[in-house]
Amino acid sequence: MAKWFAALRTPVGGFAAALLTLVVALAVFAPILWHDNAFAIDTNAIGQGPSAAHWLGTDDLGRDILFRVLVATRLSVLLAVLATVIGVVSGLVLGTLPSLLPRPAARLVTSAVNIAVAFPGLLLVLFFSVIFGVGTHGAVFAVGFALAPAFARLAQTLSASVAGQDFVSAARISGVGRIRLLLRHILPNIGEPLVVNATIGAGASLLAFSGLSFLGIGVQAPDYDWGRLLGEGLNGIYVNPAAALAPGVAVVLAGLAFNLVGETVAGVIGVRTGLRKLAPRPVTPAREAAADDRDDAVLVVENLQVAFPRPAGWTVPVRGVSFTVRAGEAIGVVGESGSGKSLTGLAVSRLVEAPAVVTADKLEFAGKPVLTTPERELRGLLGTSLAMVFQDPMTSFNPTRRIGRQLAEVAEQHQGLPRAKAFERAVDRLRAVRIPAAERRARQYPHEFSGGMRQRAMIGMGLMGDPKLIIADEPTTALDVTVQRQLLRLLARTRAERDTAIILISHDIAVVSQTCERMLVMYAGRVVEDLPSAATPRHPYTRALMAATLDLETDREASLAVIPGRPPEPDRVPKGCAFADRCPSATDRCRLEDPALERVGAEHRVACWYPAPLSRPAKETVTAGGAE
């Protein structure tokens with residue numbers, strides 16, 4: 001409720017509430033108070049202009065125009081709401097039918113919706129008016145069914161985005177029927193945007209209905225709405241302009257009320273009401289120590305959490321992550337798929353979008369709080385001081401734009417350089433990342449670059465500013481070893497020349513150990529070990545990862561080491577240590593109590609009740625070769 005009251009205190013929210021209240025009050029009380037006045041005929045005042053007796057003048061039967069406009073509020077608003085309800089309901093049916101019908105029938109429904117969406121809305125309204133006939137009832141159905149295709153397309157898109165989620169698959173596997181799956185798992189997750197669009201659609205419905213009445217195929221005499229009054233007043237607009245302007249202004253104000261209310265609702269729901277009900281994970285002394293403040297700290301993270309809403313509660317795939325990255329430092333983040341590595345990188349870059357929620361006791365980049373700094377100010381800081389190198393640069397570059405223009409856009413937006421200067425800088429950055437014939441390559445499209453060149457171009461885009469931090473998310477995946485080595489050398493050279501910090505997210509422990517001084521080992525959404533790359537791992541999970549690596553000294557006759565079992569699902573993390581079910585040394589305490597990340601050395605922290613002793617075989621040091 002606090003968010004709704006806060007929204008009402010804004011200028012837009014307050015004006016929307018006041019305007020909608022006025023429209024609703026007139027719709028309820030105007031026919032009660034002024035019905036007789038609106039129908040009273042005065043033959044002595046036919047077609048008069050505004051006067052003290054009739055503020056907006058009279059019509060061709062001497063009836064007061066002001067009272068007629070006020071009384072028409074009820075029918076105009078009621079018909080618009082009815083048409084909107086018909087449009088939303090029929091749109092939901094058409095939009096969700098494909099998930100219930102067999103595939104051929106689903107394709108037929110989808111094709112019909114796509115064809116209907118291609119037609120202009122007014123053309124659909126006129127088409128359905130011919131089918132349902134002239135009059136109030138026909139106009140209601142015509143406007144409602146004309147709105148349906150847009151809502152059906154929206155429902156289809158939203159349903160498809162939810163239908164691929166793991167919780168829907170789990171419900172399907174457990175035997176939940178299609179209708180129950182739709183009502184219990186899909187519709188609750190798409191209800192909010194549909195409500196917002198329905199509110200905004202009511203304004204369009206009002207305008208469409210008034211248009212039909214204006215054309216004479218909507219409300220018929222003796223009933224009248226704003227559209228019919230507008231049509232009647234237009235005949236004498238040169239004698240009494242107020243007769244036409246008054247109903248037109250009423251349509252505009254009522255439509256504005258619906259649209260502003262929709263915008264206000266969107267502003268509140270866009271932050272997901274109830275998101276802050278997520279209880280933050282308590283900060284232990286160990287986590288506070290892990291994220292200590294340093295003058296040279298580029299990134300400080302304390303108790304970072306990323307949560308996603310689910311019908312039955314919350315899923316928290318990143319749980320209380322804390323670390324500090326200093327200027328010129330390179331740290332690696334390793335772990336199995338689903339451990340939260342990439343999501344952590346996206347969260348600190350503010351790239352995790354709603355409905356996800358990112359919370360942290362402290363999340364600072366270059367001294368600025370990431371979660372509370374205004375969007376415009378933060379966008380400028382991140383655009384020039386933070387570089388992201390994604391796993392697949394082909395999907396990170398716009399395939400329809402040339403590489404040089406995409407790099408130049410960074411300088412144009414964040415540094416204010418003119419177009420020509422920005423392009424020159426883009427060519428210079430491509431040369432800096434060792435792309436041959438940089439000026440010619442800058443005029444090529446992403447598909448004309450090889451995988452390694454696209455990765456280097458991504459780094460070049462980050463170097464368009466003066467990055468203090470580069471986050472490289474699986475930058476060497478799917479590249480041959482020669483290109484991998486070139487990219488790692490480029491990152492190392494960039495770090496040395498610019499004192500740039502690097503976060504390298506990877507599955508390859510060998511790559512991390514060769515590139516980084518520190519390593520963060522993540523499991524089930526949290527850091528289980530933070531250690532120097534040359535240190536001996538002490539957490540059972542890190543030791544298991546190292547045992548599973550291969551090098552030239554590995555006995556080819558022996559069986560490959562594996563980690564039994566699978567990591568827990570983000571919404572099914574056990575109460576105690578998440579690794580307990582896969583750990584050969586786990587005890588009852590491990591299954592009941594979650595260990596905190598505690599210091600076991602000068603720069604070494606472990607989240608384990610029974611960390612391994614320091615004397616381990618050389619194979620289990622992080623500097624051992626091989627890959628996970």
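This is a predicted model: local features need pLDDT of at least 70, side-chain atom pairs count only at pLDDT 80 or more; totals for chains, interfaces and linings use all residues.
1. Local features of the model rest on pLDDT of at least 70, side-chain atom pairs count only at pLDDT 80 or more, and totals for chains, interfaces and linings use all residues. Residues are numbered from 1 along each chain as its sequence is written, and side-chain values use heavy atoms, with hydrogens and water left out.

2. The protein contains 22 helices and 13 strands, assigned as DSSP runs (helices H or I, at least four residues; strands E, at least two) and numbered from the N terminus. Of its 628 residues, 47% are buried, that is, under 20% relative accessible area with a 1.4 Å probe, protein chains only.

3. Contacts are heavy atoms within 4.5 Å. Where the partners lie at least 6 apart in sequence, 68% of contacts join residues at least 24 apart.

4. Beyond its neighbours within four places in sequence, Tyr 541 touches residues including Val 521, Ile 563 and Phe 579.

5. Helix α18 (residues 451–462) packs against helix α19 (residues 481–498) at about 10°, with axes 10 Å apart. The two are therefore roughly parallel, a term for angles under 35 degrees. Ile 459 of α18 and Leu 487 of α19 are among the contact residues.

Methods:
Buried means under 20% relative accessible area, exposed over 50%, partly exposed in between (1.4 Å probe, protein chains only). Axes are lines fitted to C-alpha atoms, for helices over the stretch in contact, and angles run from 0 to 180 degrees between N-to-C directions. Angles under 35 degrees count as roughly parallel, over 145 as roughly antiparallel, 65 to 115 as roughly perpendicular and the rest as oblique.
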